[in-house]
Amino acid sequence: MPVTESGAQSRADPHRIAAPPATEWVGASGPPGLFVICAAIFFTLGVGPNAMLAALSVATLAFGARLLWRPSESPILLFVFGYQWLEASTSVFHCNWLGKDVGDYSKVHGDAALAIVLSLLGLAAMAAGMAFALGPRGMSLGAPARSIALAQPAERWFHLYAASLAASLSALSVAYVAPGLTQPIIAAANIKWAFFYMLAYAYFCGAPGAQRYFIIAFLIELAQGVGGFFSDFKTVIFVSLFATIASNKRFSASAIAAALAFCVLGFALAVVWTVIKPEFRFFVSGGTGTQVVAVDLERRFAFLFSLIAKLDADALAGGVDLLLRRISYVEYFGAVLDFVPAHLPHEGGALWWDAISRPFMPRLLFPDKEVISDTLRTNIYTGGAAGESPNTSISIGAIGESYIDFGMFLMMPALFLLGSFYGAVYRKLIAWRAASPLLGMAIATAILLGAADLGASVTKTFGGVVVALLVGWIFVVHIAPHVAPWLKAKSR
């Protein structure tokens, strides 16, 4: 069946896979301009007191990006790697900009330089594991995914998203009265990002009438994020970028401009939020400082705008510095390196076993299952570096916990296996015979979003992905055939 210039197949058979257009980079070995970007990063921010660490960082970025780039697909695995790379590398580039050694960057004691080296090598091992599980690049999924996106009216994609949003809000309200079901409820709520991804994808593919629906959905998610306790406004920007990258046959000037605009918007919001969040959170919690929302939406936004109106240039400049320090997440790993095994022996796999076994022990059936306390765990393995604040959660992260379990050499095979798990999840979902390529990419994106934080405990990350997989399976097998039968694969 011929493929049109827009990449859509004849609507008579929207699920039939055709050969991708020649302009799709099926065999590309990395994102366009990768080495130009890497060179620009090094020569702009890499020259300084930490030049060797900067060189390792840039080399790690090039290595992972080359392995994980899949043209015309959701770049979720590249994002999982890239976001953690940013968290591992920010202190290096920031210190070079400030003209100081990374050892003087953090107020937490520890071997910061070694923590950065092991984090970067661990991310390289994870990227290799993801690529190993993905297998060789094959036929692009771009053409069949676009044909499915363009075969349905734009309002149908919006209705699916709206229904998923309503289900998400309902699920989150249940979490307050059934804390034993918190993890599956959060997983169910986050599946909405699969439907937002499909709506955004249809818009960026050029579906007639999709623009207004995408803008409405984007503003809804942005408003929800900005008005919440944690202000998770960045996820809607990231998912929009994923759809932008996956939907384009080539990176036109307009597509690059849109991506840059999203990035600038996200960074600006992050800087503002970094400055105002202590005062805003105290107000939203009703003066308790706990992680609850005790103020209605109208008063939240009024107070939020009043805080923003008071910002000046000095406050924003300080916010940039605070944000960069917040993004960097190696300081507690550095403290671990000083404490383990000097004061505590390696655990020999205990933390990993807890992560693997916990998802299969639901709290409803195992009410005595130990509650995860990230801050307590961090204090145990750092000698108390996380402090005693009851309203914050400070974790070491999967790479640091792998070191605690196995040491600096055996941690690398463990991280390779973790990356292989993520890669296998993505590969199985996009090739799943029960789902179309578009649905497979969307579900994989929603599920793996939770694996992109360097500071997240391996226990919570692995368990969250497993539970989200179960939720995704329930939707594809038992719900989609009734509410959206066009999302099922007809021929592969």
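A: Leu307 is in contact (heavy atoms within 4.5 Å) with Ile276, Glu279 and Phe280, leaving aside neighbours within four places in sequence. Take Glu279: 28 residues separate Leu307 from Glu279 in sequence, yet their C-alpha atoms lie 8.4 Å apart in space. Leu307 sits in helix α12, residues 297–309; helices are DSSP runs of H or I with at least four residues, strands are E runs of at least two, and both are numbered from the N terminus. Leu307 is buried, with a relative accessible area of 4%. Buried means under 20% relative accessible area, exposed means over 50%, and partly exposed is in between (1.4 Å probe, protein chains only).

The model is predicted, so local features need pLDDT of at least 70 and side-chain atom pairs pLDDT 80 or more, while totals for chains, interfaces and linings use all residues. Numbering starts from 1 along each chain as its sequence is written, and side-chain values use heavy atoms, with hydrogens and water left out.

Now the whole chain. It has 19 helices and zero strands. Of its 492 residues, 51% are buried. Take the contacts with a separation of 6 or more: 78% of them join residues 24 or more positions apart.

Next, the helix pairs, starting with α4. Helix α4 covers residues 112–134, and helix α17 covers residues 398–430. Their axes come within 6 Å and cross at roughly 30 degrees. Axes are lines fitted to C-alpha atoms, for helices over the stretch in contact, with angles from 0 to 180 degrees between N-to-C directions. α4 and α17 are therefore roughly parallel to each other. The scale is this: under 35 degrees is roughly parallel, over 145 roughly antiparallel, 65 to 115 roughly perpendicular, and the rest oblique. The contact of α4 with α17 has 21 nonpolar, six polar and one charged residues. Here Ala, Val, Leu, Ile, Met, Phe, Trp, Tyr, Cys and Pro count as nonpolar, Asp, Glu, Lys and Arg as charged, and the others, Gly among them, as polar.

α4 also packs with helix α2, residues 51–68. The angle is about 10 degrees, and the axes are 9 Å apart. That makes α2 roughly parallel to α4. On the α2 side, the contact uses Leu53, Leu56, Ser57, Thr60, Phe63, Gly64, Leu67 and Leu68. The α4 residues include Ala113, Ile116, Val117, Leu120 and Leu121, with Ala124, Ala127, Ala128, Met130, Ala131 and Leu134 also taking part. By class, this contact has 16 nonpolar, three polar and no charged residues.

Beyond α2 comes a loop. Ser72 lies in it, between α2 and α3 (76–98). Phi of Ser72 is near 60 degrees, a positive value in a residue other than glycine. Ser72 is also buried, at 5% relative accessible area.

α3 in turn packs with α13. Their axes are 7 Å apart and the angle is about 140 degrees. That makes α3 oblique to α13. From α3 come Leu86, Glu87, Thr90, His94 and Leu98; from α13 come Asp321, Leu324, Arg325 and Ile327. The classes are four nonpolar, two polar and three charged.

Ser328 is buried, with a relative accessible area of 7%. It touches Glu87, Thr90, Ser91 and Tyr105, not counting residues up to four places away in sequence.

Then α14 itself, residues 331–339. Seven of its nine residues are buried, so α14 is largely enclosed by the rest of the structure. The buried ones are Tyr332, Phe333, Gly334, Ala335, Val336, Leu337 and Phe339. They pack against α4, α16 (374–382) and α17. Pro341 lies in the loop between α14 and α15 (350–357).

Last, helix α5, residues 142–151. Ten of its ten residues are buried, so α5 is largely enclosed by the rest of the structure. Its buried residues include Arg146 and Ser147, along with Gly142, Ala143, Pro144 and Ala145. Ile148, Ala149, Leu150 and Ala151 are buried in α5 too.
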